[in-house]
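Please open the model in a viewer and keep the selection panel at hand.

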Amino acid sequence: MRKGFLCSILVGVFVILCSMNAYAVTMYIGDVDGFGYGGAVGYNGAYGGPADINGNGLLDSGDALPDLNGDSILATGRGDDFDHRSAQEMGDTDGSQWTDVSLSTSYNGRPGLAKNASFTFYFTIDPNDPYYGQDHFLNLVYGDYDVKPMRAVVEGEDVDLLGNQDAGYDGYIWRAYVQVEWEDMLDGVVTIDIVAPREPYVAFDYALLDTKAIPVVPEPTAILLLGSGLLGLAVIGRKYKK
Ligand SMILES: [Ca+2]
Ligand SMILES: [Ca+2]
Ligand SMILES: [Ca+2]
Ligand SMILES: [Ca+2]
């Protein structure tokens, strides 16, 4: 009898955990595929080294967009236009059409430029949702912002974007995020507008609405430093023990 009771409690807990995951508002516009390059194996950034700077097998935050013609500059009219959109992404109207393509003045197939881009999340609010009332994060992954001003406006709030000047190299890929208050989600819509009147070449990988911000993968050198730092601490710890 007691075994059966315990079993039913465990099953109950499992069902609750499953339903918690199912109810979180986790929505993507576009896909997590490194701008359609995936891990960009064999591609270099304009700085001369691998585009996948952090070496995690995916073009993401902290990496560089590929300098396709190898002229050490990533820009409009410099041989770096690409269009990796699927037919479905091209046809979507939520914002997917702005992802995985160079929004570049030299690319005739562009859906528009950065200044025309916007992303809209539509979702259903359920008062029984365990996440009901919880603030969320709006994440945006983009590359090669270097002509000011450019910013994202999320539910009317300005979001600062880091650009190539901050990284010190061309084609810088970064993720920006902002907390979205629950009050702004009650209508079941969250919008991102890009303000970039003069930016002639930029690209977006995807936008994500979730209960957390996208973590940044450390660069290999940072991992090494962290590793040696931990090693140093371990040595110090050992010395103290003596
Ligand atoms: Ca990477
Ligand atoms: Ca180039
Ligand atoms: Ca640019
Ligand atoms: Ca993508």
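This is a predicted model: local features need pLDDT of at least 70, side-chain atom pairs count only at pLDDT 80 or more; totals for chains, interfaces and linings use all residues.

Select Val154 and then Glu157 of strand 6: the two residues stand opposite each other.

Next, display the whole open sheet, in which four strands follow the order 3-8-5-6 with antiparallel pairing. Its edges are strand 3 (118–122) and strand 6 (157–159); each has a single partner strand, so one side of each is left without a neighbour in the sheet. On average, and with direction ignored, neighbouring strands here are turned by 20 degrees against each other.

Now turn to the largest nonpolar core, which has 47 residues. Select Leu103, Ala114, Leu140, Tyr142, Val202 and Ala203, the residues with the most contacts inside this core. At least two core residues come from each of several strands, among them strand 4 (136–143), strand 7 (173–180) and strand 8 (189–195). Strand 9 provides the largest share, eight residues.

Centre the view on Val202. Leaving aside residues up to four places away in sequence, Val202 touches Leu103, Ala114, Tyr142, Gly143, Asp144, Tyr145 and Ala196.

Finally, select Pro215, located in the loop that lies between strand 9 and helix 4 (220–241). Is Pro215 buried or exposed? Pro215 counts as exposed because it has 8 C-beta neighbours inside 10 Å, and a residue is exposed at 12 or fewer.

Terms used: Residues are numbered from 1 along each chain as its sequence is written. Chains are lettered from A and ligands numbered from 1 in the order in which they are written. Two strands pair if DSSP finds at least two bridges between them. Axes are lines fitted to C-alpha atoms, for helices over the stretch in contact, and angles run from 0 to 180 degrees between N-to-C directions. A nonpolar core is a set of buried Ala, Val, Leu, Ile, Met, Phe, Trp, Tyr and Cys residues joined through C-beta atoms within 7 Å. A residue is buried if 20 or more other C-beta atoms lie within 10 Å of its own, exposed if 12 or fewer, and partly exposed in between; C-beta atoms are placed from the backbone. Two residues are in contact if their C-beta atoms, placed from the backbone, lie within 7 Å.
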